[in-house]
Amino acid sequence: MLEQRGDRCWTYEEPLRFLGLEIGRIMTVIRLSSGGLFVQSPAELTPELKTALDDLGDVRFVAPASKLHGHLYMEQYRATYPDAELLAAPGLPARRPDLQFDQLLGDTPDPRWAPDIDQVAIVGHRWLTELAYVHRPSRTVILGDVGFHIGEESPLTTRLVARALGVYKQVGPPLEFRLTIANEASFRRSIQDVLAWEFDRVVPGHGEIIDTGGKRAVLEGYDWLL
């Protein structure tokens with residue numbers, strides 16, 4: 001169900017098909033120093049998952065990676081946890097007019113989670129701004145579509161396409177994302193901000209988690225940019 005990934009950090013993986021490929025998606029759950037839960041990229045809120053979350057604490061914040069990634073099922077969390085705050089990435093309020101968001105995320109973490117979590121807005125892409133996060137106590141970086149990492153456990157077709165797109169056993173965005181970067185300098189500064197964090201683990205938007213050696217993996221995956 002929820003797999004612990006260090007101090008007060010858990011992940012939950014569920015299937016996701018995109019353009020006929022199984023790429024999976026990963027939810028990250030962090031128990032804040034205050035005791036509440038910060039849920040990133042929420043998964044489908046099944047009864048079993050709800051029980052597991054409730055055993056950890058009260059869901060306080062529900063956050064996406066971008067307007068494309070990590071907002072699925074937010075309506076379930078709004079209905080189940082009415083006191084929880086829904087956080088929006090740039091562009092998400094227009095994409096999800098059915099939801100009322102409590103805060104628009106940027107480079108500066110809210111003081112309520114800042115003791116545990118820092119964040120960076122990944123800018124420079126033509127039409128997508130993502131949020132990357134780091135959980136300091138567990139030294140875990142959490143990425144979205146700028147951090148695919150397809151590995152050997154994925155289906156053969158997914159592995160073959162991932163190899164062609166440059167994300168097989170590498171951390172980074174797929175080729176079509178790279179080709180639509182509008183301001184390479186701004187994008188590079190954003191990735192450098194991520195690399196300035198102290199971390200060892202990487203939770204990608206899609207693919208396999210890297211439990212150790214994550215900073216080197218990000219450096220190697222972004223050698224085309226850096």
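The paragraphs below walk through the salt bridges of this model.

The model is predicted, so that local features need pLDDT of at least 70 and side-chain atom pairs count only at pLDDT 80 or more, while totals for chains, interfaces and linings use all residues. Residues are numbered from 1 along each chain as its sequence is written, and side-chain values use heavy atoms, with hydrogens and water left out.

A search of the whole structure finds 16 salt bridges, a salt bridge being a side-chain nitrogen of Lys or Arg within 4 Å of a carboxyl oxygen of Asp or Glu. One of them joins Arg 8 to Asp 116, with the closest N and O atoms 3.2 Å apart. This pair links distant parts of the chain, 108 residues apart, since Arg 8 sits in the loop between strand 1 (3-4) and strand 2 (9-14) and Asp 116 in the loop between strand 9 (103-104) and strand 10 (117-122); strands (E, at least two residues) and helices (H or I, at least four) are DSSP runs numbered from the N terminus. Both Arg 8 and Asp 116 are buried, where buried means under 20% relative accessible area, exposed over 50%, and partly exposed in between (1.4 Å probe, protein chains only).

Arg 112 forms a salt bridge with Glu 85, the closest N and O atoms lying 2.6 Å apart. Here Arg 112 is partly exposed at 35% relative accessible area, whereas Glu 85 is buried at 18%.

Within helix 6 (residues 184-195), Arg 188 and Glu 184 are four residues apart, about one turn of the helix, and their salt bridge has its closest N and O atoms 2.8 Å apart.
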